[in-house]
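Dear colleague,

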Amino acid sequence: MMMKKSYEASWECPSNIALVKYWGKKPGQLPMNPSLSFSLKKAQTKTSVRIEPASRRKVEFLFEGKTSFFTERVEKYLAAMSLEHDWLNNYAFYIESENTFPHSTGIASSASAYGALALCLVDLKQQVTEKKFTTQQFFQKASRWARLGSGSACRSVFSSFALWGRLEGFPNSTDCNAIPVTEKFHPAYQSLRDAVLLVDSSKKQVSSSAGHEMMNEHDFKDVRIAQANSHLRQLLEVMKTGDHQRFFQLIEKEALSLHALMMTSDPSFILLQPNSLAVIAKIRAFRQQTGLAVGFTIDAGPNIHLIYFEQDKQMVHQFIEGELLSLTENGDWLDDCIGNGPRKLNG
Ligand code: PMV
């Protein structure tokens with residue numbers, strides 16, 4: 001038996017944006033369909049976890065120096081994890097977390113938050129058990145642990161592209177964790193950028209867990225599962241050949257399918273706002289006029305993610321400033337790009 005001591009781990013983990021959307025889950029926080037995303041660079045969560053020996057588990061969680069609604073979620077998460085990982089019951093957890101991006105910006109903060117927390121916990125597990133995982137085991141475990149907090153978080157612990165969910169014929173793909181995508185894509189895709197046009201930053205009308213649940217009885221459930229698999233397969237091919245036109249057709253179809261599913265679920269939700277549609281129309285007109293390879297994706301909210309390539313940055317920024325900012329809330333937007341994944345802090 002290991003002598004109990006205090007340990008500490010700190011990690012920074014990015015958020016990610018899905019190109020093929022995860023929507024709907026099976027029991028155990030497993031996805032109904034496979035998804036593909038890329039990790040962002042600027043939108044990160046930094047988390048430090050210090051654990052001290054205790055007779056029973058206790059959690060203190062500070063978000064940006066204050067107790068937050070997230071404290072209860074983290075407590076529940078650790079309680080659920082401790083059923084399988086007994087060592088979690090023997091420590092008091094002192095967790096401090098902060099985001100490098102503003103709250104409620106339409107960037108999925110739960111993905112980076114659970115990504116960072118899971119990385120800290122796997123790091124601590126290594127310290128507590130004095131067992132060293134290989135790099136692959138470490139990130140695979142972190143992805144699994146992140147998934148149990150928030151499904152999409154499992155894709156955040158890798159750099160660039162991550163695939164989550166069983167895709168027939170794709171080696172090592174699994175519902176249990178995301179895997180890094182090491183396919184030889186056209187080099188342009190390593191320069192993807194994501195400009196988030198903040199149409200409305202107020203709280204979502206529907207939580208993603210409620211949204212996922214509505215897929216259980218959805219009229220289009222089976223069609224959606226087949227569609228997502230087909231989109232993912234096509235996207236992986238298109239990204240190899242560099243057919244940008246088809247790439248944007250596919251990711252826009254994914255985003256609009258996600259919203260179509262919400263609009264036609266029971267109860268129905270319309271999260272897009274008039275200005276979301278106005279931004280979409282402008283992006284399509286800009287693409288038509290300039291012939292530039294640009295398009296959009298959308299998460300479960302009203303904000304539009306304008307996806308483009310690094311080489312077109314100057315023209316796209318001029319377009320955003322000239323034509324899109326008047327359609328956003330207070331002229332707000334975030335300019336992010338594909339990133340290098342998580343980073344261990346303090347050595
Ligand atoms: O991880 P969750 O439960 O917050 O679900 C996220 C779902 C979408 O963001 C809408 C799509 C995705 O794949 O990220």
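Arg193 is buried at 6% relative accessibility (buried means under 20% relative accessible area, exposed over 50% and partly exposed in between, with a 1.4 Å probe and protein chains only). Its side chain meets that of Glu310 in a salt bridge of 3.0 Å, N to O (a side-chain nitrogen of Lys or Arg within 4 Å of a carboxyl oxygen of Asp or Glu). The pair links distant parts of the chain, 117 residues apart: Arg193 lies in strand S9 (residues 192-197), and Glu310 in the loop between strand S11 (304-309) and helix H8 (313-324). Helices (H or I, at least four residues) and strands (E, at least two) are DSSP runs, numbered from the N terminus. Glu310 is partly exposed, at 39%.

This is a predicted model, in which local features need pLDDT of at least 70 and side-chain atom pairs count only at pLDDT 80 or more, while totals for chains, interfaces and linings use all residues. Residues are numbered from 1 along each chain as its sequence is written, and side-chain values use heavy atoms, without hydrogens and water.

The count comes to 16 salt bridges. One of them joins Asp123 and Lys344, with the closest N and O atoms 2.6 Å apart. Asp123 lies in helix H2 and Lys344 in strand S13 (residues 343-344), so this pair ties together parts that are 221 residues apart in sequence. Asp123 is buried at 5% relative accessibility, whereas Lys344 is partly exposed at 36%.

Helix H2 itself is mostly covered, with 17 of its 21 residues buried. Just after H2, Glu130 takes a positive phi of about 55 degrees.

With kind regards
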